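Subject: Structure handover

Dear colleague,

Here is the structure for your files. My notes on it follow directly below.

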Amino acid sequence: MLLSLTGASGAGKSTTLAHLTAVNWEQPIICVEFDSVGVPPDADTAWRHAVIEQWVQRSLAAQDEGSHVLLCGQVPIGELLAAPSADRLDGIAACVLHCSPEVRRARLLERREPEDSLEHHIAFGEWFHGHAMDPTFHPEVIRVDSPVPMRWERWQDWRSGDPRWPADVVDTDGLTPEQVARSVVTWVREVLTRGSLRLPAER
């Protein structure tokens, strides 16, 4: 299974991942960071499509060995579901960390993010949350030309409230990193117990 811990910049993903690596999961779960493959200066949406497929391929290799992958990074749910090889995964789930624009701004300033990029990050954070709640929310943001043969048709007809849309949202405003980590651990354990989305196999 591929479990995606995701959200826009400033939501708390990397801080949470640092806590998750020390958890005794009592089953094989590999915690990895999306950007560990390296991020080029010209990284864009098409680049992200390619790297998402790369992580899906790595998750398939882990799946063959009996392990789950907990991937921490800025991975919109619609992109993950559209990754060419995603239909071979035995499960997909996403936990979206979200924070208010005010909190995001403060966190990004604290980590010395350039001020001229703040409005972009804040706008993308609001889109990310809207996308997590509703697959019809401005899909054109991620449906861009790409050399990766993304399979948007897998979910393009889904609507808000569709039970197949594999998103849970954690609002991190006012929570400590430890509290966020506990929420994510609870989410992981619940998903592994109840099961998750499995895309229909394609020929």
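Just after helix 2 (45–64), Gly66 takes a positive phi of about 85°. Helices (H or I, at least four residues) and strands (E, at least two) are DSSP runs, numbered from the N terminus.

The model is predicted: local features need pLDDT of at least 70, side-chain atom pairs count only at pLDDT 80 or more, and totals for chains, interfaces and linings use all residues. Residues are numbered from 1 along each chain as its sequence is written, and side-chain values use heavy atoms, with hydrogens and water left out.

Helix 2 and its ends

Helix 2 has 20 residues, which at 1.5 Å a residue should span 28 Å; the expected span is 1.5 Å times one less than the number of residues. Its end C-alpha atoms are 29 Å apart, which agrees. At the start of helix 2, a side-chain oxygen of Asp44 comes to within 3.3 Å of the backbone nitrogen of Ala46. That pair falls under the rule for a polar contact (a pair of N or O atoms within 3.5 Å; within protein, one must be able to donate a hydrogen and the other to accept it, and residues adjacent in sequence count only if both atoms are side-chain atoms).

Val56 lies in helix 2 and counts as buried because its relative accessibility is 0%. The classes are buried (under 20% relative accessible area), exposed (over 50%) and partly exposed (in between), with a 1.4 Å probe and protein chains only. Gln54, also a residue of helix 2, is partly exposed because its relative accessibility is 31%. From C-alpha to C-alpha, Val56 is 16 Å from Ser196, 140 residues away in sequence, and Gln54 is 22 Å from Leu20, 34 residues away along the chain.

In the loop between helix 2 and strand 3 (68–72) sits Glu65, which is exposed, with a relative accessible area of 67%.

Positive phi outside glycine

Glu26 has a phi near 65°, a positive value in a residue other than glycine. Its place is the loop between helix 1 and strand 2 (29–33), and Glu26 counts as exposed because its relative accessibility is 68%. Arg112 is not a glycine either, and has a positive phi of about 65°. Arg112 belongs to the loop between helix 4 and helix 5 and is exposed, at 75% relative accessibility.

Ser100

Ser100 is in the loop between strand 4 (92–98) and helix 4. At 16% relative accessibility, Ser100 counts as buried. Its side chain makes a polar contact of 2.8 Å with the side chain of Asp173. Ser100 is also 8.3 Å from Asp171, C-alpha to C-alpha, at a sequence separation of 71 residues.

Cysteines

How many disulfides does the rule give? The count is zero, where a disulfide is a pair of cysteine sulfur atoms within 2.5 Å. Cys31 is in no disulfide, and the nearest cysteine sulfur, that of Cys72, is 8.9 Å away. Cys99 is in none either; there the nearest cysteine sulfur belongs to Cys95, 13 Å away. Cys99 counts as buried, at 0% relative accessibility.

The largest pocket

The largest pocket holds about 860 Å³ of space. On a 1 Å grid over the protein atoms alone, a cavity is a set of points where a 1.4 Å probe fits but cannot get out, and a pocket is an open set with protein on both sides within 12 Å along at least five of seven lines; lining residues have an atom within 4 Å of a point. Grid points are joined across faces, edges and corners, and the volume is the space filled by probe spheres set on the points.

The lining of the largest pocket has 34 residues, and those nearest its centre are Ser9, Gly10, Lys13, Gln74 and Arg111. By class, the lining has 13 nonpolar, 13 polar and eight charged residues. Here Ala, Val, Leu, Ile, Met, Phe, Trp, Tyr, Cys and Pro count as nonpolar, Asp, Glu, Lys and Arg as charged, and the others, Gly among them, as polar. At least two lining residues come from each of helix 1 (13–20), helix 2, helix 4 (101–110), helix 5 (118–133) and helix 6 (177–194). Helix 1 gives the most, with four residues.

Regards
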